[in-house]
Amino acid sequence: MTNTLEISEIAKNLVGQPMFEILELSQEYERQGKKILHFELGEPDFPTPQHICEAAVNAISNGDTNYAPSSGIHDFKKAVIDVTKKSRGFSPQLNQILITPGANSIIFLTIKCLLNPSEEVLIPDPGFPTYPDAIRACGAIPVYVPTYEKNNFELQLSDVEKKVSPKTKLLILNSPSNPTGAVLSEKEIRKIYEFCERKNIYILSDEVYARLIFSSKVFFSPSSIDFCKERVIILNGFSKAFAMTGWRLGVAIGPKEIISKMTLLLSTFVSCVPPFIQRAGVAALCEDQSVIKNMKREYLHRAQKLHDGINSIKGLSCNQPQGAIYVFVNIKKTQYTSEDFAKFLIEECGIATTPGNFFGPHGEGYIRFATVRSLDDINKAISIMKEKINV
Ligand SMILES: Cc1ncc(COP(=O)(O)O)c(C=O)c1O
């Protein structure tokens, strides 16, 4: 007798991060001998700065290899308090901070600790694909709030209002945004915050790109309104601004009642973040910032090159990137769907990108390029597309 595997309804509906599927596909093409230019993943091509690596190596050499407190080591939390004071104007208490394995896990931890099954979470559309997947994995319901190119894809309160229901418990903000690079103004964030306060909705503010703003806009966090005491939970990480994708390091700051539950959940499934990784985080926050600033300058240069190049190709267009590490390209004039266009780019041009519909229904008609590839790759991709795209 053969047993049929009975997986759960939640497992059946998992999507994961579709960008990784494209990476696998492009690597398969490479194994077949095809040259691929990689623009699919938001993965900085710089190595992690040397002083950050050394902090981890020294910690290992000094025997800092035991379990650490589940909420994070004291020195790291102290560094987080100092940086938050400088960047967001308030000093969180130690019990408002949780150090996590990557920023992604904060999405899951927050939803699991705040929502009951069938309650709703408002998410930007297009937006980061982990949001709907994590929400569904927790038995809650993602509700897409559309954003529009004509508004630079900035989330507007009027669109949030249309999607609120008595079941809405949480709103996810992501400024600067993946995949659109949109940066929300302080004025709009304040309006959205006041609305959430009236409706008793929590806000998960995904700030992983906070250090990567390129326009004249200024970063504003809703945490500067309630100091993470009432309804704002900050999600932050080291992957992008510090070129630390493989280290898996994140920081959550929120109301102490929620953080204490998220800490229990984290301790249940991973115990703690390795202490030597946290030592690297302390070095990233407290030591030399010049290398971080240089990387940012280079990203801006690359984003501008990609933006100018794409707008010089007939049939393609994109807005001026305001922040994050992506340009979101309008392909509607090509008459292709997003997935077909991404397929054409990889098969005919050797360029790997991410189809816009992977980021939500309003991403259809767009594709995303990560701007963190070398100038040489950007120039090559632009000239190949100029030659091959005929609209
Ligand atoms: C908007 C957004 N939030 C969170 C994350 C997760 O970052 P981490 O690598 O720290 O898990 C990403 C990664 O691409 C992202 O784009």
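Predicted model: local features only at pLDDT ≥ 70, side-chain atom pairs only at ≥ 80, totals over all residues.
Residues are numbered from 1 along each chain as its sequence is written, and side-chain values use heavy atoms, without hydrogens and water.

On a 1 Å grid over the protein atoms alone, a pocket is an open set of points where a 1.4 Å probe fits, with protein on both sides within 12 Å along at least five of seven lines; lining residues have an atom within 4 Å of a point. The second largest pocket holds about 480 Å³ of space, a volume being the space filled by probe spheres set on the points, which are joined across faces, edges and corners. Because domain 1 (9-47 + 290-388) and domain 2 (51-286) both contribute lining residues, this pocket lies between them; the domain bounds come from an automatic or database assignment.

The largest pocket has a volume of about 640 Å³. Val83, Ser87, Arg211, Phe242 and Leu285 are the closest to its centre among 28 lining residues. Helix H4 (74-88) is one of the elements that give two or more residues to this lining, and H4 gives the most, with seven. Helices (H or I, at least four residues) are DSSP runs numbered from the N terminus. Domain 1 and domain 2 each supply at least three residues to the lining of the largest pocket.
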